[in-house]
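Colleague: I would like to learn how to read a few features in this model. Please take a helix to begin with, then the strands.

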Amino acid sequence: MEFAYMETEGRPRIGVVDRTYRCRTLCTSLPPVDALLGGLEPGTITFIDSSDRMVFDLVNLYCFNAVTEMHEQVIWIDGGNSVNPYELSAICKRYRVDPEEVLHNITVSRAFTAYQMSTLIEDMLDPEVRRIGTGLVVISCFPDLFQDADMNWAESLQLMRRAMGKLRQLTDENELVTVVTNYGLSKMLTKKGLRPLLYDSADRVVRVEGRGTWVKLVLPKEGVGTLYRPVPRNQTTLDEYGGEVDG
């Protein structure tokens with residue numbers, strides 16, 4: 001259970017810029033999505049609650065843009081074995097960026113039990129954030145490990161409450177952009193207290209509902225949403241055509 005850079009070779013040209021404060025926002029580069037979500041602000045926690053695998057695409061795009069646009073390093077704690085360097089590499093190739101330059105700036109640690117996830121967030125994340133000087137922290141599939149059938153739910157809830165409290169502290173102190181994800185909307189409904197904990201702990205909640213070939217993106221706290229139809233990764237949409245993205 002260690003933090004480790006994604007496997008790369010060579011030395012990256014994309015470097016982290018030292019700064020005393022952060023003021024830029026983090027976007028996905030998908031115009032219809034960014035029109036709804038806007039940018040993720042430093043010092044905020046965003047919770048993405050999704051029934052669709054688009055949640056993984058969003059996280060990959062946020063990681064890519066954190067490195068290439070904001071010149072920030074990324075710490076990614078994975079609770080659902082969801083880190084896929086090949087998906088990140090595909091995004092890099094689409095934007096004609098050497099994957100090694102992006103992957104080298106993403107530090108990953110996987111948790112395989114709820115207690116490992118708690119230890120990573122409560123005890124190990126703080127020194128790692130200070131050591132790396134990261135700008136983006138991702139906690140993917142956060143509730144999964146805490147729903148182990150062998151765990152007492154009250155204990156799981158308490159561990160998650162402490163972890164979210166630690167994330168709030170680190171996010172505020174270090175001006176982090178923090179993204180927490182859940183894959184499977186039904187999980188929020190089957191465990192008492194889970195949805196209020198995660199929804200109330202986040203500054204912004206993004207719900208992604210799969211609708212066949214479409215997805216519905218909703219901001220529950222703001223009461224707004226939109227329909228979005230994802231396209232194959234190498235296909236340029238009309239919103240992107242004529243912009244900076246090459247199809």
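Modeller: The model is predicted: local features need pLDDT of at least 70, side-chain atom pairs count only at pLDDT 80 or more, and totals for chains, interfaces and linings use all residues. Residues are numbered from 1 along each chain as its sequence is written, and side-chain values use heavy atoms, without hydrogens and water.

Colleague: By how much does helix 5 bend at M124?

Modeller: Helices (H or I, at least four residues) and strands (E, at least two) are DSSP runs numbered from the N terminus. A bend at a residue is the angle between axes fitted to the seven residues ending there and the seven starting there. Helix 5, residues 114-132, bends by about 55° at M124, and the proline P127 follows within four residues. After helix 5 comes G133, with a positive phi near 70°.

Colleague: Which residues of helix 5 are buried?

Modeller: Buried means under 20% relative accessible area, exposed over 50%, and partly exposed in between (1.4 Å probe, protein chains only). Buried residues in helix 5 include M117, L120, I121, L125 and V129.

Colleague: How many bridges pair strand 7 with strand 8?

Modeller: Two strands pair if DSSP finds at least two bridges between them. Strand 7 (204-211) and strand 8 (214-219) are antiparallel, with five bridges. R211 stands opposite W214 of strand 8. Two residues separate the strands of this hairpin, and G212 in the turn has a positive phi of about 70°.

Colleague: What is the bridge partner of V218 in strand 9?

Modeller: The partner is G225. Strand 8 and strand 9 (224-228) run antiparallel, joined by five bridges.
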